[in-house]
Amino acid sequence: MHAEEKLTAETFPAAPEKATLEGKNKFLGFWLFLGGETVLFASLFATFLALRNSNAGGPTTQELFEPAIVFIATMLLLTSSLTSVYAMYHMKNFNFRGMMLWLGITLALGGAFLGLEIYEFYHYVHEYEFTITSSALGSAFYVLVGTHGAHVAFGLLWISALMIRNRKRGLSLYNAPKFYVASLYWHFIDVVWVFIFTIVYLMGMVG
Amino acid sequence: MKKWLTKLRLVSLFALLTLVLAGCGKPFVSALRPAGEVADMQYSLIMLSIYIMVFVTAVVTVIFIYVVWKFRFRKGDEDKIPEQVEGNHKLEIIWTVIPILLLIVLAVPVVAATFELADVRPMDRENRTPDDALVVNVRANLYWWEFEYPDYGIITSQDLIVPTDERVYFNLKAADVKHSFWIPSAGGKMDTNTENINRFYLTFDSGRTEQAGDYFYGKCAELCGPSHALMDFKVKAVSKDEFTQWADNMKTYEASAEGDLAQQGEQLFEEKGCLGCHAVNPVDERPEQARTGPNLASFGERSRVAGILPHDEESIKNWLRDPEKYKPGNKMTNTYPKLEEQEIDALTEYLQGLKVESN
Amino acid sequence: MSTLTQRRGFGAALWDYLTTVDHKKIAILYLISGGFFFVLGGLEAMIIRIQLAIPNNNFVSAGLYNEILTMHGTTMIFLAAMPLIFAFMNAVVPIQIGARDVAFPFLNSLGFWLFFFGGLFLNLSWFLGGAPDAGWTSYASLALESPSNGIDFYLLGLQISGIGTLIAGINFLVTIINMRAPGMTYMRMPLFTWTTFVASALILFAFPPLTVGLAIMMFDRLFGTHFFDHTMGGNTIIWEHLFWIFGHPEVYILILPAFGIFSEIIPVFAKKRLFGYSSMVFATVLIGFLGFMVWAHHMFTVGLGPIANAIFAVATMAIAVPTGIKIFNWMFTMWGGSIRFTTPMLWSVAFIPSFTLGGVTGVMLASAAADYQYHDTYFVVAHFHYVIVGGVVFGLFAAAHYWWPAMFGKMLNEFLGKVTFVLFFTGFHLTFFIQHFLGLMGMPRRVFTFLPGQGFEIGNAVSTAGAVLMALGTIVLLYNVVITSIKGEKVGMDPWGDGRTLEWAVSSPPPEYNFKQTPLVRGLDALWIEKMEGKKGMTPAEPVGDIHMPNPSILPIIISFGLFVAAFGAMYHADHAFGYPLLFAGLAITFGAMLVRSIKDDHGFHIHKEDLMNEEDEKGGRK
Amino acid sequence: MATQNTGNPKVDIAYRRKKNAQDMKMQVVSFAMMIFFTVIAFIAVGYEAIEAWFAVPFIILLAVVQVIFQLYYFMHMNHKGHETPALFLYSGLGVGLITVLAFVTIIWW
Ligand code: HEA
Ligand code: HEA
Ligand SMILES: [Cu+2]
């Protein structure tokens, strides 16, 4: 089957992301990449855990963290994960508009999350003078959470670029794997966040 | 192909080398000439593992030579197609199990020794006195070593004095970057980290100390900058009595200058700012951050200048003229004004007079 | 676009290589740059050996020595050994599995250019204020103190080339998993493919910790964070762990493909199938697996405590078992065979005892309590040169001679090859054997000089003499390469006569699409099977049809160049006003090029059936 | 090679639609569970009476369960054709866990 071929709901395959060799490669390659990302984040988590009490006289995690912000952020990101699942649901049903709509919602939620995170950082810097150079804890905190934030930002850009590029083209076996892989990435970001809110924030609050 | 022949020659050459070199190395610096309990333990592990490895290598070499010789291509073999053997389970099991057994033989004493060498409990014993367990605090600095004897409240540098025939316990730390504390004849090394204190012990056997000569050589074993290679120290192991005597002398010692030139040197030592870094008395109450240069209390009795140069007048003068030339990157360069030759003479005279024993 | 029309002229050829996404050409790019860096690292080694030939030598100064030492280790590991391995992986693996290409041709090229610009960046340090000088391990406390920009070059250069390596690793994994020809099951894959697979998996999991380590050290040095600053709560041991969690698997990333190379060559020249294929595969996987649990054996003297030391000691020793399985299986492959001592075979045969010597000293090092004596001495230097040179470099030399025809269509001169072997082999043992004793006799490593009277004189002099022989051997090899490319005769398919795997089932060098028809694989040593049944080549698994090919692209260079520029910006931002603008300009180039890549559809092109047929006729006519 | 059609696209598509809808239902359920777990985790931490020795392992357990939902339902690791992805993801997790374990046990101060 040719990648650019115009498809209908009938001819659209059950697993469009893996229907071409390119798609299959992309799918697998991306999963492998996520395996590597797992180790990357594990290294950052490990570093954070080793330094989580090294506040060097600066504010401690108990003094800093505010459950409300983290809770809202978590809800936003978890929900965005569900919305991107919806998007993939529509993709599999060859419903391009549905997919675009839900991806748009995902973007909005992700954007809100990012905004909240930026606000949170701003808050720490200005209220507590807690910066990336305050202490080893500050460095470890901002680099871990910031790396996640950078992933979110990249994901937003990526999905937007995909949407803009394909807005008039409809679904094809050429772009279906791209959308699918982007949604995998988005879920992965969520997986990482689950550990961030648990290990960094919640554990930081109990001490 | 005569390759196997070169091979054979190489092997016998190596065997010979082993024989010649194993007993070799200088007794004051070689791990192959152990001079105490710790080094002995490690030496026996080294030898045990060498025996196992020689055995393994021998087995491999014998099969190897046989195969390579026996099954080499000969004239007339052009069309020969050897049988395509898939493998052999029995053989696979043999060469899995035998190595496992050999490794167990090695691993058990290794684990035992690892725990034994980490036993520093006597350091923590309540009401510890230096007679039960002598403790030395080692502080490694960019290219020099400080040795503090907390039980006696004294500090010395570059030359470590220890009693023989007992476990001497060390607290190890680094003042700037990471170094590693190593006296090969007395035992393996331990790193001096920047953020924590490491602890271990060494022993010095009186009999073998004598054979080794006046001093054991100590070295820094972790790359720490340009003069890493020159970050040597010397170890003098003396009997317990001598050691106690020395420590008592140190405690009461006050640096003083005798003779005009030396007194002039003493004055210069202060004026030129030397005293800001170097203490001249073994009792130095300043915090360690303030102790930025080696303690020079017993400088006149040192074995080396700056740990590396022969201890004589000329070397001291050379060092004072331009330390950078002898220890690139050292922290003394440019911390004091340029000295006149006459001032150098005076300082040298003063420094050479700093002796604990003669007091 | 018609691809079969050869474009001529130097400019066109250069452009061809700059934009190529063909794995065979990328292999040549890796070979040339890896070879260049090998000579560079070798020159650095020669300076090291000259400086240490006699006590108190002042051939180079103390500070410069540390730079050379650091660059020798870093260059050899990251810029010579790994790229050279990638060269052979790229040249051989896709063909060995019967594929037309790798899974991601574009990323393949990107991986190469990232490595190239990373290596270039690192080596520019020589001209821009001094090279890194904290050893290839760059331990945190020293690295943070180092005043010049050298360490920054190390951090950013390795970061860039590290990303390239990661990409290459993923590419090989997907290629091997997804692109195998019909019939090529996992248990029929040649061992070089298997070891590539496992080594790539190790890359996938080992490089991220390095990435993190490099990144946070860069933050510490350039942006004021305190990960390793103990006065602010930081901890330098974190770096040591991150580095070795990467570093130990790294040494298996190097050696496993070398094992693969020997497992290809030995059966060919012993004319016998690999003995114990399945246990060889098993051992490879096991080594890869265990490789992740032993890193702290580099940190026995750090003070991790006896429990950790004991665990890591025993885990490390365990690796001897699968490695031993391999050693014995190679020897039994030759058992009963008919061994032809060609140059590649000489290297392979010599590897067995040489590597064993290095391996057993590894087990000695693994004995924690005894390692307190060995650590950071020349005993360690001897160990790792025995395994690296006696294993990896021998493997690379063997591969170069063995696969030269597959890459260039010409055979390297056998006589010169043997001269190289004798010189290098002798020099190698002369250089490094004696270093075991130097270490045991109390000589620390990483010293720019040693003082007389400690018993180190003879050993060092001998060692230096050996290094000269190695250099001579390398020079003969270079001469061989030049002579061959000028005068060498073209060879056809299967030039060694006893090829067993698919890379010998295509012409030398292969056409850009590798296989006109995808071959049908009927067992291990696919080509051998067909030959034994009296056939000339492989049975095709499909009719002749259009072949889909990827488009060449200049974007990989642009993406990599952007990071190269950005790295300068990051490095100089504190001292120069142009720092930040440069950083953002660089990133803009990179992301811009990535955007272009994702927006511009790239469907590749097709080589048509008719053209394939015509080409066949032409060839037939010429013959 | 692309599709596994039964020959009659209409039947096929109806079946697939149904299956997708079923999948979606599972995904919504797991989403609800995830939200629930998150709330529990926050409560466990916010509620004074629950002590750290219990709260920490408990919330980590909740996180692990959530992640399993993400992986298996949202990222479809429960579907077939995910054997290799699973292998590599778990290998990555394995390496990561060893790293974390080492960093919380043998890095001091
Ligand atoms: C290709 C690279 C390579 C390879 C393959 C190896 C293989 C091994 N290495 Fe090596 N190693 C390095 C590269 C490599 N190493 C480098 C670069 C360093 C130094 C880094 C630095 O500090 O700069 C180093 C350092 C190093 C150390 C740290 C030393 C120190 O700094 O104090 C240790 C300690 O355990 C070690 C152990 C081992 C072991 C046990 C193996 C094993 O895999 C070897 C297994 C092989 C055999 C054992 C031989 C064949 C087996 C048989 C014939 C079966 C029977 C054998 C027995 C029963 C023993 N290595
Ligand atoms: C792949 C890895 C690799 C390879 C192949 C080598 C190869 C060699 N190494 Fe290297 N080495 C390391 C990796 C490697 N090394 C590492 C990781 C370290 C540790 C660094 C650290 O401590 O941080 C190290 C350290 C190291 C030291 C210890 C330095 C010290 O601790 O102070 C020494 C000393 O002898 C040494 C020597 C050599 C020699 C003689 C070779 C020889 O085999 C080299 C042979 C090659 C040549 C000689 C080619 C030269 C070619 C020419 C001369 C031709 C020139 C011609 C033209 C330009 C036309 N190496
Ligand atoms: Cu290792």
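Ligand 1 lies between chains B and C. This is a predicted model, in which local features need pLDDT of at least 70 and side-chain atom pairs count only at pLDDT 80 or more, while totals for chains, interfaces and linings use all residues. Residues are numbered from 1 along each chain as its sequence is written, chains are lettered from A and ligands numbered from 1 in the order in which they are written, and side-chain values use heavy atoms, with hydrogens and water left out.

**Metal site**
- A distance of 4.5 Å separates the iron atom of ligand 1 from the copper ion (ligand 3).
- Helix α14 of chain C, residues 378-408, contains H383(C); helices are DSSP runs (H or I) of at least four residues, numbered from the N terminus.

**Side-chain contacts**
- Oxygen atoms of ligand 1 lie 2.7 Å from a side-chain N or O atom of H375(C) and 2.8 Å from one of R445(C); a polar contact is a pair of N or O atoms within 3.5 Å.

**Shell**
- Of the 33 residues around ligand 1 (a heavy atom within 4 Å), those that come nearest include W136(C), Y252(C) and D371(C).
- α12(C) gives the largest share of this shell around ligand 1, seven residues.
- The shell around ligand 1 has 22 nonpolar, nine polar and two charged residues, with Ala, Val, Leu, Ile, Met, Phe, Trp, Tyr, Cys and Pro counted as nonpolar, Asp, Glu, Lys and Arg as charged, and the others, Gly among them, as polar.

Terms used:
Donors are N, O and S atoms within 2.8 Å of the metal (3.2 Å for Na, K and Ca); water is not among the atoms, so sites may look incomplete. Helices (H or I, at least four residues) and strands (E, at least two) are DSSP runs, numbered from the N terminus. A polar contact is a pair of N or O atoms within 3.5 Å; within protein, one must be able to donate a hydrogen and the other to accept it, and residues adjacent in sequence count only if both atoms are side-chain atoms.
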